[in-house]
Amino acid sequence: MAFEPESETTEPTDDGTSTADPVGGSAASGDPEISVATGTGSSSSTASGRTVIESRDLSVYYGETRALQDITLEIPEKRVTAMIGPSGCGKSTFLRCINRMNDLIESARVEGEFYFEGKNVYDDDVDPVALRRRIGMVFQQPNPFPKSIYDNVAYGLRIQDDGGDIDAQVEQALKRAALWDEVNDQLDESALDLSGGQQQRLCIARAIAVDPDVLLMDEPASALDPIATSKIEDLIEELA
Ligand SMILES: Nc1ncnc2c1ncn2[C@@H]1O[C@H](COP(=O)(O)OP(=O)(O)OP(=O)(O)O)[C@@H](O)[C@H]1O
Ligand SMILES: [Mg+2]
């Protein structure tokens with residue numbers, strides 16, 4: 001299935017609540033396939049609304065099958081932007097274009113342009129690994145490394161090696177992901193022994209520990225119970 005949006009981005013309302021406008025190709029017929037909702041989050045005073053991510057006439061194919069068709073979309077910085085639409089309409093495909101995770105799918109082919117901070121991420125001189133350091137991702141299914149809880153969060157920090165206090169950064173990331181209280185006395189134990197919801201919050205801690213410019217979350221709470229979901233929603237609001 002493909003969605004074929006007209007160029008359209010939503011604006012936050014004055015009171016900071018989110019708006020959602022359809023951008024699906026069938027929107028004109030009153031039956032939108034996908035919507036984009038943009039909110040200001042809790043720190044609206046810092047929000048400038050400058051476009052940070054922009055796709056232009058983006059189409060994605062898996063083999064001969066076109067999953068996305070001519071998507072033109074602008075996403076502002078310092079906002080929470082949500083993509084809403086039915087299963088299979090291409091939300092994950094679009095997200096994976098932003099940090100070139102589709103490169104890892106052999107059959108995937110991208111046409112059109114995709115800009116991050118004004119640079120086309122599909123230009124030949126863009127290093128996808130460096131790009132993914134700036135644009136972190138949390139997937140639908142938790143995917144912790146088969147390492148200790150501590151090492152999962154410290155992994156990217158050690159690679160980054162910015163001279164910071166790694167213990168303190170690990171603690172801070174786990175606190176922001178609402179996991180610290182549950183794991184602070186078992187940091188050396190395997191991440192794989194955590195519950196699914198705890199593993200997902202660990203993956204979020206791992207992603208935010210390196211302080212990415214953008215955090216992509218692909219239905220991060222679908223494996224979580226309502227309490228853990230609400231913690232993640234609070235975190236998303238805090239990050240905005
Ligand atoms: N690796 C792949 N190989 C082939 N086709 C794929 C692949 N990934 C996705 N597709 C197809 O591309 C289309 C869009 O899929 P995508 O996963 O982006 O949808 P989605 O909106 O994220 O759905 P969901 O809400 O179920 O996660 C679907 O038709 C899907 O079958
Ligand atoms: Mg998906």
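**A pocket and a ligand site**

The second largest pocket holds about 620 Å³ of space. A pocket here is an open set of points on a 1 Å grid over the protein atoms alone, where a 1.4 Å probe fits, with protein on both sides within 12 Å along at least five of seven lines, and lining residues have an atom within 4 Å of a point. The volume is the space filled by probe spheres set on the points. Of its 20 lining residues, Arg132, Arg133, Phe145, Tyr155 and Arg206 are the closest to the centre. Two or more residues each come from α2 (128-134), β8 (135-138), α3 (149-160) and α6 (196-209); helices (H or I, at least four residues) and strands (E, at least two) are DSSP runs. The top contributor is α3, with 4 residues.

This is a predicted model, where local features need pLDDT of at least 70, side-chain atom pairs count only at pLDDT 80 or more, and totals for chains, interfaces and linings use all residues. Residues are numbered from 1 along each chain as its sequence is written, chains are lettered from A and ligands numbered from 1 in the order written, and side-chain values use heavy atoms, with hydrogens and water left out.

Where does the second largest pocket lie? Domain 1 (19-126) and domain 2 (149-239) both give residues to its lining, so it lies between them.

Now for ligand 1. Of the 14 residues around it (a heavy atom within 4 Å), Ser87, Gly88, Lys91, Ser92 and Thr93 come nearest. Helix α1 (residues 91-98) supplies the largest share of that shell, 4 residues.

Key: Domains from an automatic or database assignment.
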